[in-house]
Amino acid sequence: MSELTAVVAVALFGALAAFVIRRVRDLQGDVRALAERVRELSVRLDATEQDAASALAQADVAESVLLEKGVADEDDLEAARARSGGEAGYVRGRDGELH
């Protein structure tokens, strides 16, 4: 009877080990997929940061031109900044989805 118990214990251990190995491999695949997704998102974030920096630089140039040409003064520019940055409510692109 003792031998039968040992054989059953070894068989159960083997089945458990096979299950654990399979689960670890599945999880490794998930980790690889997530790592790739993080790399993709990192590249997209870098591009977005560069676009934002470029837009900021263009806005600064536009403000300078408006000031130099006398089309607007500092108060006009400050009011425009307040209108564009002070709106409440839905902000496009910030709905929790990545586009």
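E40 is partly exposed, with a relative accessible area of 35%; the class lies between buried, under 20%, and exposed, over 50%, as judged with a 1.4 Å probe and protein chains only. In this predicted model, local features need pLDDT of at least 70 and side-chain atom pairs count only at pLDDT 80 or more, whereas totals for chains, interfaces and linings use all residues. Residues are numbered from 1 along each chain as its sequence is written, and side-chain values use heavy atoms, with hydrogens and water left out.

The side chain of E40 meets that of R37 in a salt bridge of 3.5 Å, N to O. The term denotes a side-chain nitrogen of Lys or Arg within 4 Å of a carboxyl oxygen of Asp or Glu. R37 is partly exposed as well, at 36% relative accessibility. Helices (H or I, at least four residues) and strands (E, at least two) are DSSP runs, numbered from the N terminus.

A salt bridge is also found between R39 and E36, whose closest N and O atoms are 3.0 Å apart. R39 and E36 are separated by about one helical turn because they are 3 residues apart in helix α1. R39 is partly exposed at 47% relative accessibility, and E36 is partly exposed with a relative accessible area of 36%. Side chains of opposite charge can pair when their charged atoms come close.

In helix α2 (residues 74-85), E78 and R81 lie 3 residues apart, about one turn of the helix. The two form a salt bridge with a distance of 2.7 Å between the closest N and O atoms. E78 has a relative accessible area of 47% and is partly exposed; R81, at 33%, counts as partly exposed too. E63 lies in helix α1. Leaving aside residues up to four places away in sequence, E63 touches L77 and R81, a contact being heavy atoms within 4.5 Å. Salt bridges link E63, E78 and R81 in a network. The whole structure contains 4 salt bridges.

The chain has 2 helices and 0 strands. Of its 99 residues, 3% are buried. The chain exposes about 8800 Å², of which carbon and sulfur atoms supply 61%; accessible areas come from the Shrake-Rupley method with a 1.4 Å probe, and for residues only the protein chains shown count as cover. M1, L4, V8 and L12 make a nonpolar surface patch of about 470 Å². Patches are made of residues with over 30% relative accessible area and no salt bridge, like charges being joined within 9 Å and nonpolar side chains (Val, Leu, Ile, Met, Phe, Trp, Tyr) within 5 Å. M1 lies in the segment before α1 (2-69) and is exposed, with a relative accessible area of 78%.

The mean pLDDT of the chain is 87, and 86% of its residues reach 70 or more; pLDDT is the predictor's confidence in each residue, from 0 to 100. Over residues 86-92 the pLDDT is below 50, and this stretch has 2 contacts in the model beyond near neighbours in sequence. Where pLDDT is low, the predicted coordinates should not be read in detail.
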